[in-house]
Amino acid sequence: MKKISQGKYELFTTKADAIDKFMQLQGICREEISGEKPIDFYCTKKGKIIITNPPTKRVESHHSTNLFAEVVQQEGKTYVTYYTKFDKLNNILNLIFIVIYLLIGVLAIVFAIASKNEIYYLPILLFGVLLFGYNLLVNTKEETNSPKDSEILIKELEKRVEAVNLWDK
């Protein structure tokens, strides 16, 4: 887990009120991170905030750059402290899926050879190589895009902070 950036924003309301307003602002954001993946803003009753892509059934569709924040009270003022991080564990899971896809491709070629249908060799080999290459490319791009994705997540948090600060105006 590698921290990309961190910071804090001041809120001009109480901690309880800020949490309540953040909870009302939960949901899918308009912005997307690299790879055209949607992002989701979520706040717990204790003031813990996470901005990440929404959960799906497919592990390999999860993105590795996330923002974590918390509503805190210090010296009589309310703040949102945050940090963004890049999680390599998700990339390891993606690499495991890439290897599984490669093994499926090899097995498909072996079955095509065993069935003596030569017409299937080239399409199966081509499909396996393309699938392997695509997943490898996406997996390596994700880490290089993490600073840009981090900025998008921070801007999304900033929009929500502004919304909370301008709530009654």
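## Exercises on salt bridges and burial

Arg160 has a relative accessible area of 10% and therefore counts as buried (buried is under 20%, exposed over 50%, partly exposed in between; 1.4 Å probe, protein chains only). The model is predicted: local features need pLDDT of at least 70, side-chain atom pairs count only at pLDDT 80 or more, and totals for chains, interfaces and linings use all residues. Residues are numbered from 1 along each chain as its sequence is written, and side-chain values use heavy atoms, with hydrogens and water left out.

**Exercise 1.** Find the salt-bridge partner of Arg160 and the network that contains Arg160.

*Solution.* 
1. A salt bridge is a side-chain nitrogen of Lys or Arg within 4 Å of a carboxyl oxygen of Asp or Glu.
2. Arg160 pairs with Glu156, with the closest N and O atoms 3.2 Å apart.
3. Shared partners join Glu31, Glu156, Lys159 and Arg160 into one network.
4. Glu156 is buried at 5% relative accessibility, whereas Lys159 is partly exposed at 41%.

**Exercise 2.** Describe the salt bridge of Asp17 and Lys21, and classify both residues by accessibility.

*Solution.* 
1. The closest N and O atoms of Asp17 and Lys21 are 2.7 Å apart.
2. Both residues lie in helix H1 (residues 15-24), 4 residues apart, about one turn of the helix; helices are DSSP runs (H or I, at least four residues), numbered from the N terminus.
3. Asp17 is partly exposed at 25% relative accessible area, and Lys21 is buried at 6%.

Notes. Helix = DSSP H or I, 4+ residues; strand = E, 2+ residues; numbered from the N terminus.
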